[in-house]
Amino acid sequence: MRNKIEADLARATARIFGMGWIFLLSLWMAPVVFAQGPSSLKVEADQGTLARWSEEGTVSCGMDGRTWAALEETCWYPVDLQRKPGWVEIARWKRGQTIETAWLVVKEKEYPLQEIEIDDRYVHLSAEDLAHHYRDQSEIKPIFRRRRGAAQFTLPLAQPLNPPVPEGRYFGVRRVFNGEPKNPHTGSDYAVGAGNPVKTVADGTVALTAENFFGGNSVFVYHGDGLVSMYLHLSEITVEKGQVLAQGDVVGKVGATGRATGPHLHLGLRWKGARIEPNLLFGSPEAVPAVSP
Ligand SMILES: [Zn+2]
């Protein structure tokens, strides 16, 4: 009995002290205290898009157990094309190390279906071509895992072609080659003629140049902060691995190498590993959905 009373007393004391502490804290650090409960802040983003959190004083951002620096007081949260729909907790830190959390609601997006007829070599791969493809993947995948280095870009990015730039199309479409469902299209296709110069969308370093089975002549550029841009099906590559590039520098020429039905530029963007719609990074940053109450 005595033990029970002591325990009750201890609990009550802890409660009072706890409450007093929270009360005092709330007077000068209100956002921190409010962040302790389930957040009422949220933002919605479709698969293959991104969300942002723009608040004065934001210095760093968090999602999926990772943290990274904010870009000009804005946190960007890329959502992979095939990320499972659902609620994801995101965070931002303000100067002075106070944290605030919010919910990113990933919404399923039904991308259109596209049927393509192509050389059967690209649908039913020979053992040799399959080995080529696996070799390509083993070189490319480590680039997508890179997170090092401060961002060498600001948004919006620069277009990869000289004006007039046609609309980048077909991101996310579910593709059926010669009647067989294949992986979704993870970049944007620009209908431009062979030989047009292809330009890097931001400052960066050439991470890889390769002759890939599907991508044909391909250039991968790393821009810091986990952002990779890739330019596929080129007729010619004019840069080398390790080369430092300024935004707008030419990396090659438009072609139809690899799995392509005709000359066009395929531009892909990966940001923190997520495959996202490139057009979103060429538009106004303000058009991207933002965290709000
Ligand atoms: Zn493409």
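Q: Which residue of β4 stands opposite C61?
A: This is a predicted model. In it, β3 (residues 58–63) and β4 (residues 66–69) pair in the antiparallel sense over four bridges. In that pairing, C61 faces W68.

Q: Which residue in the turn of the β3 and β4 hairpin has a positive phi?
A: The hairpin leaves two residues between its strands. Most residues other than glycine have a negative phi. In this turn, a positive phi of about 55 degrees belongs to D64.

Q: What is the bridge partner of M63 in β6?
A: β3 also pairs with β6 (residues 86–94), in the antiparallel sense and over five bridges. Y77 touches both M63 and I90. Within β6, M63 has as its bridge partner I90.

Q: Which residues does Y77 touch, not counting those up to four places away in sequence?
A: Y77 is among the residues with the most contacts inside the largest nonpolar core. L50 is listed there too, and L50 is one of the residues that Y77 touches.

Q: Is H233 buried or exposed?
A: H233 sits in strand β15. Its phi is positive, about 65 degrees, although H233 is not a glycine. The cut-off for burial is 20 or more other C-beta atoms within 10 Å. H233 has 26, so it is buried.

Q: Is V206 buried or exposed?
A: V206 belongs to strand β13 (residues 204–212). Beyond four places in sequence, its contacts include V219, V221, V239 and L245. Its C-beta count inside 10 Å is 20, so V206 is buried.

Q: How many Å separate the C-alpha atoms of V206 and M230?
A: Along the chain, V206 and M230 are 24 residues apart. Their C-alpha atoms are separated by 9.8 Å.

Q: What is the bridge partner of L113 in β9?
A: β8 and β9 (residues 174–177) run parallel. Four bridges join them. L113 has as its partner R174.

Q: How many Å lie between the C-alpha atoms of V176 and E115?
A: V176 is in strand β9. Its contacts beyond four places in sequence are L113, E115, I116, P181 and K182. V176 and E115 are 61 residues apart along the chain, yet their C-alpha atoms are separated by 4.7 Å.

Q: How many residues of helix α3 are buried?
A: α3 covers residues 127–144. Its 18 residues should span 26 Å, and the end C-alpha atoms are 26 Å apart, which agrees. The helix lies largely in the open, because the number of its residues that are buried is zero.

Q: Where does P156 lie?
A: Most peptide bonds are trans. The bond from L155 to P156 is cis, with omega near 0 degrees. The bond from P163 to P164 is also cis, and P164 is found in the loop between α3 and β9. P156 lies in the loop between α3 and β9.

Q: What is the phi of Y170?
A: Y170 is placed in the loop between α3 and β9. With 16 C-beta neighbours inside 10 Å, it counts as partly exposed. Y170 is not a glycine, yet its phi is positive, at about 75 degrees.

Terms used
Residues are numbered from 1 along each chain as its sequence is written. This is a predicted model: local features need pLDDT of at least 70, side-chain atom pairs count only at pLDDT 80 or more; totals for chains, interfaces and linings use all residues. Two strands pair if DSSP finds at least two bridges between them. The expected span of a helix is 1.5 Å times one less than its number of residues. A residue is buried if 20 or more other C-beta atoms lie within 10 Å of its own, exposed if 12 or fewer, and partly exposed in between; C-beta atoms are placed from the backbone. Two residues are in contact if their C-beta atoms, placed from the backbone, lie within 7 Å. A nonpolar core is a set of buried Ala, Val, Leu, Ile, Met, Phe, Trp, Tyr and Cys residues joined through C-beta atoms within 7 Å.
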